[in-house]
Amino acid sequence: MLFRSLRVLGELNGVNPYQFRNRFAVMGGFMGRQIKGVKNEEELGRLIDGCAFRALTADWRKDLPPRVPVTHHYEMTDNQRKHYNTMMEDFYAMVGDDEPVTADMVLTQRIKLQQISSCLLMDDDKVHWLEPPKKNPKLRAICDLFDYTECKAIVPYFYKPSGAMLYEAFKEMKLNPAVITGGMKSSEIVEQKNRFNKDPDCRVLVGQIDQTSRGHTLLGQSGRDRCNQTYYYENSLSLMHRLQMDFRNSRGEQDQTTFLHDFVGSPVEQLNIDILTGKKALGDGIDAIVAEVRRRQGRGS
């Protein structure tokens with residue numbers, strides 16, 4: 001990708017892709033065909049600096065209203081808590097003082113605990129709901145906020161069943177939801193965005209976070225039809241998705257303070273938010289989850 005960009009900008013005249021790869025790429029993996037690292041970094045940096053620059057939103061859009069993070073705490077139901085504790089017990093069995101703990105183990109456990117926090121468990125193609133929508137405490141917390149805010153809102157989610165559940169719940173509330181999810185055609189996404197941005201009756205957009213975070217402008221119109229709320233029903237484990245999602249309604253003609261709402265009902269949700277909003281690496285999250293497990297082991301819970 002760097003080769004193509006630098007070639008178009010006239011920085012690599014007479015250099016072919018193989019020469020560029022041999023000069024700057026550390027190869028490895030199967031038959032030495034995978035890029036494993038970078039070499040001659042200073043030389044490559046000079047090439048890039050000669051034709052590119054990095055500008056942050058804070059540098060070129062000082063006029064944008066502030067973005068305000070808000071955290072809401074809710075209580076899991078007894079059924080959720082039972083499954084959550086069972087899943088943690090399974091993890092206890094894997095995490096011993098002398099046992100190695102891999103990133104894959106922690107990531108799998110983190111995903112399952114996050115699902116339980118959203119009232120579901122997914123096993124391949126099977127979906128098990130721990131509570132119906134009317135008893136889902138996180139959904140209830142989001143729905144309650146619509147009673148106190150006049151403006152439009154984006155509700156990002158991660159798991160496909162959660163998106164379908166949110167869509168039906170908001171439809172029942174007469175919020176006339178728009179939706180962006182995986183597998184949609186470009187024309188379908190444009191139609192949904194236009195409806196959300198221009199139709200005053202469409203009060204909420206339900207968006208799969210990895211699809212909705214990429215370059216979309218979701219502002220609505222002026223006044224009470226402005227979108228200034230983002231309710232994170234679920235977070236991706238990707239820092240890139242979270243950072244991009246935060247700016248979908250903080251751009252362009254935004255003239256109101258935007259609010260970024262997170263919902264915490266379990267320790268893993270708090271860890272996820274701390275990692276994403278604190279801009280910590282995934283490795284830090286792995287250490288934090290293992291530390292939490294061992295802390296709970298130590299107190300005999």
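## A walk through the salt bridges, cavity and pocket

The structure holds 10 salt bridges, a salt bridge being a side-chain nitrogen of Lys or Arg within 4 Å of a carboxyl oxygen of Asp or Glu. This is a predicted model, in which local features need pLDDT of at least 70 and side-chain atom pairs count only at pLDDT 80 or more, while totals for chains, interfaces and linings use all residues. Residues are numbered from 1 along each chain as its sequence is written, and side-chain values use heavy atoms, with hydrogens and water left out.

Let us begin with the overall build. The protein comes to 13 helices and 10 strands; these are DSSP runs numbered from the N terminus, with helices (H or I) of at least four residues and strands (E) of at least two. Of its 301 residues, 42% count as buried. Buried here means under 20% relative accessible area, exposed means over 50%, and partly exposed is in between, using a 1.4 Å probe and protein chains only. Among contacts (heavy atoms within 4.5 Å) between residues at least 6 apart in sequence, 70% join residues at least 24 apart.

Now back to the charged pairs. Side chains of opposite charge can pair when their charged atoms come close. Another salt bridge joins Glu172 to Lys134, where the closest N and O atoms are 3.2 Å apart. Glu172 sits in helix H8 (residues 160-172) and Lys134 in the loop between strand S5 (126-129) and H7, so the pair links parts that are 38 residues apart in sequence. Both Glu172 and Lys134 are exposed.

What about the pair Arg242 and Asp262? Their side chains meet in a salt bridge of 2.9 Å, N to O. Arg242 lies in helix H11 and Asp262 in strand S10, so the bridge ties together parts that are 20 residues apart in sequence. Arg242 is buried at 3% relative accessibility, and Asp262 is buried with a relative accessible area of 3%. Elsewhere, salt bridges that share partners join Glu75, Asp78 and Arg81 into one network.

On a 1 Å grid over the protein atoms alone, a cavity is a set of points where a 1.4 Å probe fits but cannot get out, a pocket is an open set with protein on both sides within 12 Å along at least five of seven lines, and lining residues have an atom within 4 Å of a point. Grid points are joined across faces, edges and corners, and a volume is the space filled by probe spheres set on the points. By this rule there are three cavities of 30 Å³ or more. The largest cavity holds about 80 Å³ of space, and its lining includes Lys138, Glu234, Asp262 and Glu269. Strand S10 (258-264) and helix H12 (267-277) are the elements that give two or more residues to this lining, with H12 supplying the largest share, three residues.

Glu234, one of those lining residues, is found in the loop between strand S9 (227-232) and helix H11 (239-245). Glu234 is buried yet has no salt bridge, as the nearest side chain of opposite charge, Lys138, is 5.2 Å away; Lys and Arg count as positive and Asp and Glu as negative, with His and the chain ends not counted. A polar atom of the Glu234 side chain does lie 2.9 Å from the backbone nitrogen of Tyr159.

Lys138 is among the buried residues of helix H7 (residues 137-145). Asn136 caps the N-terminal end of H7, with a side-chain oxygen 3.1 Å from the backbone nitrogen of Lys138; a polar contact is a pair of N or O atoms within 3.5 Å, where within protein one must be able to donate a hydrogen and the other to accept it, and residues adjacent in sequence count only if both atoms are side-chain atoms.

Finally, the second largest pocket has about 320 Å³ of space and 16 lining residues. H2 gives the most to this lining, with five residues.
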